[in-house]
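Here is a short report on the aromatic rings and nonpolar cores of one protein model. Keep the sequence and the 3D view at hand while you read.

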Amino acid sequence: MPPASPTPAPPQDPADGAGRPREKKSRWQRLRSQRWWPWAVTLVSGAFVVFVITLLVRQARNVDWGAVWDAFLALPTPTLLTAAALALASHAIYGTFDLFGRYFTRHGLSVGRTMGITLIAYPFTLNLGSIIGGVSVRYRLYSRQGVSVGAIGQVIGQSIVTNWLGYFVLAGAVFWMWSPKLPEGWHVGPQELRWAGTALAALTVAYVAACAVRRGRPIAWRGHDFPLPDWRVALLQVAVSTVNWAVMGGAVWVLAGRDTPYAAALATVLLGAVAGLVSRIPAGLGVLEAVGTAVLSAYIPTSQALAAVLAYRALYFFAPLVLAALAFGAVEWFGRGAPAKSGDGAEAETEEADAGPSGNAPAAAPSKAPA
């Protein structure tokens, strides 16, 4: 009989020098290993910075800086300092919104670093729109820290949801208890505002109810899972957002003077936000001034109302934008020579940090508020 042929050995994974199987690179890792990748990143980053600077210059040309300066001169210094403190407090509160996304994604960044990214991105969102500030700046800063694209998307989504939950609550309360004077051409009556406020408040109630029913389980829709927090975390989102919008209204109320009802100042912020969103004009230039002048002029002279809104824009929109632009430039400058961190590594560090005494990561996040 002829000798039996030897049985072929099963294929083995290629190993490194230490004899361990070599890990298969993901498509993202293979892309970043290309020689042209650093040049492409540099080119895109430079184009983005030039684009942002161009938008800033164009926006600055549309601002009546003389009127802004006159508005400051007409307002007492203690009033400006109080309004500036409230604006700073509002930005600090908004800086906590991304912590909800941190709680969901466990992306591994510290609380301080997460808030720092939010504080840089928020003024860009206010002045240049959500695409530049809410998405582009956040993506640039988070990706530098090794956060994956999917995690960045969840962080941005949770921040947007948190922001509008409190808005819906206050809109429902204000429009039911008080009817503001609207600009000419707005064919909306008091009853329509009440029904709109009721519908908006109902959205917040439905969100909290869904969180209570789902008990932290995501909602599946068209093959995608949308995470929902525990109902206690949902209530915290509503509370933080409501306080933030209330503080914004407080800044306008201080600048307008005590003769103006607080409801009018809060309505200026609420109506100005939605009008600017619908108009799609960066920072709502001209829209906030028209709304604020119409609402506040029912209680104070038109010139004083316009001065208050211009001062509010300078304190809440423009001044933080200057600081955010400097901070963003510093991050780009000091990080120009350092390669972006690996998103997979950041997630691996997070899983290791979340592992229990046995070394296994928990199956689900605990139902608690973000730290």
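The text below starts with the rings and then turns to the cores.

**Aromatic rings**

This is a predicted model. It holds 14 aromatic pairs. One of them joins Tyr312 and Phe317.

| Residue | Relative accessible area | Class |
|---|---|---|
| Tyr312 | 5% | buried |
| Phe317 | 10% | buried |

Each value is under 20%, so each residue counts as buried.

**Nonpolar cores**

The largest nonpolar core has 48 residues. Leu255, Leu296, Tyr312 and Tyr316 have the most contacts inside it. Several helices supply at least two residues each, including α4 (77-94), α10 (231-256) and α13 (302-334). Which helix gives the most? It is α13, with 9 residues.

Now look at Leu255. Setting aside its neighbours within four places in sequence, Leu255 is in contact with Leu75, Thr79, Leu80, Ala83, Ala308, Ala311, Tyr312 and Leu315.

Another core, of 17 residues, lies apart from the largest one. Among its members are Leu109, Ala121, Leu128 and Val155.

Conventions. Residues numbered from 1 in each chain as written. Predicted model: local features only at pLDDT ≥ 70, side-chain atom pairs only at ≥ 80, totals over all residues. Heavy atoms only, no water. Phe/Tyr/Trp six-rings, centres within 6.5 Å; stacked < 30°, edge-to-face > 60°. Buried < 20%, exposed > 50% of the residue type's maximum accessible area, 1.4 Å probe, protein only. Core = buried A, V, L, I, M, F, W, Y, C linked by side-chain atoms within 4.5 Å. Helix = DSSP H or I, 4+ residues; strand = E, 2+ residues; numbered from the N terminus. Contact = heavy atoms within 4.5 Å.
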